[in-house]
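I opened this notebook to keep track of what I looked up in one protein chain, entry by entry.

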Amino acid sequence: VQLQASGGGLVQAGGSLRLSCAASGSIFRINDMGWYRQAPGKQRELVAAITSGGSTNYADSVKGRFTISRDNAKKTVYLQMNSLKPEDTAVYYCNADIIISVLRKQDDYWGQGTLVTVSS
């Protein structure tokens, strides 16, 4: 199983970016999916998460600016980021709780990270 993230880049403050993360491989079911970020010198933090049923939660710092969504048929999670601020600069990682077989328990998978840089 692999998670492939894309969509990062350099943007000016106030701009927008859309991150995507697609899961591939032998997958029985994907439960929760989410996005985390890690800024230089800081711990990794949860940005947003979404359940298989579509319930979402967000870090207070991104509420009203970021929107997480998913396409279960495409096994893909998205993060639409609007009104970006310099403090949003970080490496963004996607995460998914995946069951690869009906006989296996859920495991935690991570994407490779995509850099988002917001200039002031």
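**Entry 1, the disulfide.** I note at the outset that I am working with a predicted model, and I began with the cysteines. I found that the structure holds 1 disulfide, formed by Cys21 and Cys94 with their sulfur atoms 2.0 Å apart. I looked up the torsion about the S-S bond of this pair, which is about 50°, so I recorded the disulfide as right-handed. Since Cys21 lies in strand E3 and Cys94 in strand E9, residues 90-99, the pair ties together parts that are 73 residues apart in sequence. The cut-off I applied for buried is a relative accessible area under 20%.

**Entry 2, the sheet.** I next followed strand E3 into its sheet, an open one of 4 strands in the order E1-E3-E8-E7 with antiparallel pairing. Its edge strands are E1 (2-6) and E7 (66-71), each of which pairs on one side only. Neighbouring strands of this sheet are turned by 15° against each other on average, with direction ignored.

Going through the backbone, I stopped at Lys75, which is not a glycine and yet has a positive phi of about 55°. Lys75 sits in the loop between E7 and E8, and with a relative accessibility of 29% it counts as partly exposed. I also noted Ser83, likewise not a glycine, with a positive phi of about 50°. Ser83 belongs to the loop between E8 and E9, and at 41% relative accessibility I list it as partly exposed.

Which residues form a nonpolar patch on the surface? I found Phe28, Val102 and Leu103, which together have about 380 Å² of accessible area. I traced Phe28 to the loop between strand E3 (17-24) and strand E4 (29-38), and its relative accessible area of 46% makes it partly exposed.

Conventions
Residues are numbered from 1 along each chain as its sequence is written. This is a predicted model: local features need pLDDT of at least 70, side-chain atom pairs count only at pLDDT 80 or more; totals for chains, interfaces and linings use all residues. Side-chain values use heavy atoms; hydrogens and water are left out. Patches are made of residues with over 30% relative accessible area and no salt bridge: like charges are joined within 9 Å, nonpolar side chains (Val, Leu, Ile, Met, Phe, Trp, Tyr) within 5 Å. Accessible areas come from the Shrake-Rupley method with a 1.4 Å probe; for residues, only the protein chains shown count as cover. A salt bridge is a side-chain nitrogen of Lys or Arg within 4 Å of a carboxyl oxygen of Asp or Glu. Buried means under 20% relative accessible area, exposed over 50%, partly exposed in between (1.4 Å probe, protein chains only). A disulfide is a pair of cysteine sulfur atoms within 2.5 Å. Two strands pair if DSSP finds at least two bridges between them. Axes are lines fitted to C-alpha atoms, for helices over the stretch in contact, and angles run from 0 to 180 degrees between N-to-C directions.
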